[in-house]
Structures are given as C-alpha cells and as structure tokens.
Amino acid sequence: MLWRAIIEVTGRCNSRCSTCFAWKRTSEDLPADFFFKLADELKAPVVHLTGGEPLLRSDIGDIIRAFSKRARLIEISTNGLLEFDPPDGRIAIGVSIDGTRETYSRVRGVDAFDKVFSNYLRLRKLAEERKDLLVHLNYTISWGNVGKLGDFLRFLREHGIPAWEVSISVVQGGRLFGRGASYTGEFIASALSDLRVYEEALREGKKKGKGILGRVRYAYLFSMLEVMRKRLMEFSMGVIRPVNCGAGREFFTVTSDGMLAPCNYLPGLADLKEKSLREGLAELRSFHSSSCGIPCLNFCNQLAYIRSE
C-alpha cells in the first residue's frame, strides 16, 4: 500500500554540504503546474517535500497547498537558511543543523549557524501557537561531525530544547550521497558512541514525561536508534543484509527533473513529464528493493528491518 511520496521540488540548494551532491546539480526548476498535476493524481496520505532546498521556490506555498488538499500530512525538509511562514494545514518541518558552531560550517559548507538556529526557534514558537504545525531538528552523523553529538545536545539543553526534538540519521550512499558506502571501522566506532550519547539523553528526557504524544515519539526514536546500532554493527563486519523496504510500492520519489524513482537514493525509472503517475508506478513494479545494494540507514529501511526480525 502506497503511504508516502517524496517530492523533490527543486534541485537548487543554498548550502554546500560535504555529505550531499544535490547542490552541484544545474537543472532548472520544473513549473508549478507539474506539481499541481502530480498533487491531483497522488493518493499517498504523507507527502514529503524536499530538494535541494524547497524554500528557494517562491511558489512553495502554492505547492504545499496543492498537496495538502489530499494528503493528511505534509513533511518539509529544509536547511533553515530562509525564514518561512508555513501555510495552514498539517505540516511537519525538519530543520537540518548538523552540529554546533564548531562543526556546522565544516559539514554544511556555509557559515550560518546563528541564522539557522534563530529560524528554528522562530518556527518552534509558531508551532507552540499552531496545533497543526510540528517542528524538529535533523542531525546527520557524518565525517565532519562524528563524535560531536554530545556537544550539540548540551548546546540544545542550555536553550531548553530536549533531545527528543532531534531526529538522528547516519550519512549513507546513493544518488545524492556518494560516500555512504565507505564506512570505516573508526567512523562506525565513533558513530556508535554518538548513538549511546543520544540514547542517554533520550532516557533522561523520558523521565520528565511528555504525555501520550511524547511517549509515541520516544517509542519511535528508541526503535530507530536500536536498528541504527544493529545495522552499523553489521556494516562493521562487512555485512549488508538485504532488506525489502517497500521502495517503489509503499513509497517513491519524484526527482527534481521529474523522474519517478523507487526512493531518493536510486535513479529514476520513469519520466513523469511524459507519463502519468499511474503509468510510472506500473513501471516501478519490476523493482525489488532487496537488490539495491546500498548500505541504507534511512528510516523506511529501519522500519523494514524491524518487520524482518
């Protein structure tokens, strides 16, 4: 059952992240009408708008509203460099900020930590006023910040932000992220240390209690944390266990140049500028995710890993 669509609304990006090649692309943005048509065809309850940097589009509000007509939740991934007033609707915004001032510019390629953190605090305040708006931080463990997660969590704690507002991931390979397959023993050991620090911070925050939504959030984070730990241990032993994650069946990606791909780490298989979404999805049926060979630690892969145990 299709439940999630990942839509790259632009290939442009105003960050220069060492972990991502998206900003090196030169393709022009597709017209808004392409996304309006896609929104009319799409039946997935969750739509994730990403890029590049989606907020670079001056018409991003119109695109969000188009997808909001049918989707139950709109997710937006942003680097936080631009101020944003999200339109009405059920929206979850993840702001990427991979470390403190010491590591941010090394990972993100721009010197903008204070601006991004200020924009996050602004969104956080909006979320306190709006029941339909959720915000969180995204932190990717990579070569530029591995072993430094504790410093970041301490910084957040000093500003009254608990660990459960942070979603952790580990850099990986694929269409946009070219170095994920080159995990070294040293990197994995440091990443596992970061995950232990994160677990301790989560457990400390859990003691204070956050109601039923907080308990659901904690259950999700602890589950994903355990899978990341197991997968990294497998990678350290050279084991890349095939996992049938549902790419192309439970979710898919539309790339910034209009190609339909099984997920955002794999190349496109159908051109939606020339075909309908239904025709494109029919072509994805031949894809089987267990054969992709990427050492993936994305959350959809983690969910499939849990189901396989």
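Helices (H or I, at least four residues) and strands (E, at least two) are DSSP runs, numbered from the N terminus. This is a predicted model: local features need pLDDT of at least 70, side-chain atom pairs count only at pLDDT 80 or more, and totals for chains, interfaces and linings use all residues. Residues are numbered from 1 along each chain as its sequence is written, and side-chain values use heavy atoms, with hydrogens and water left out.

**View 1. A cis peptide bond joins Gly 51 and Gly 52.** Its omega is about 15°. Most peptide bonds are trans. Gly 52 sits in the loop between β2 (46-50) and α2 (60-68).

**View 2. Met 233, Met 237 and Val 239 form a nonpolar surface patch.** Together they have about 290 Å² of accessible area. Such areas come from the Shrake-Rupley method with a 1.4 Å probe; for residues, only the protein chains shown count as cover. Patch residues have over 30% relative accessible area and no salt bridge; like charges are joined within 9 Å, nonpolar side chains (Val, Leu, Ile, Met, Phe, Trp, Tyr) within 5 Å. A salt bridge is a side-chain nitrogen of Lys or Arg within 4 Å of a carboxyl oxygen of Asp or Glu. Met 237 lies in the loop between α7 (211-236) and β7 (251-254). Met 237 counts as exposed because its relative accessibility is 61% (buried is under 20%, exposed over 50%, partly exposed in between; 1.4 Å probe, protein chains only).

**View 3. The second largest pocket has a volume of about 240 Å³.** A pocket is an open set of points on a 1 Å grid over the protein atoms alone, with protein on both sides within 12 Å along at least five of seven lines; in a cavity, a 1.4 Å probe fits but cannot get out; lining residues have an atom within 4 Å of a point. Grid points are joined across faces, edges and corners, and a volume is the space filled by probe spheres set on the points. Helix α8 (residues 277-284) gives the most to this pocket's lining, with four residues. Other parts of the chain contribute too, including Leu 2, Glu 41 and Gly 248. The lining has four nonpolar, one polar and four charged residues (nonpolar: Ala, Val, Leu, Ile, Met, Phe, Trp, Tyr, Cys and Pro; charged: Asp, Glu, Lys and Arg; polar: the others, Gly among them).

**View 4. The largest cavity has a volume of about 50 Å³.** Helix α4 (residues 113-129) supplies the largest share of its lining, three residues. Among the lining residues are Leu 55, Phe 84 and Arg 122. By class, five are nonpolar, three polar and two charged.
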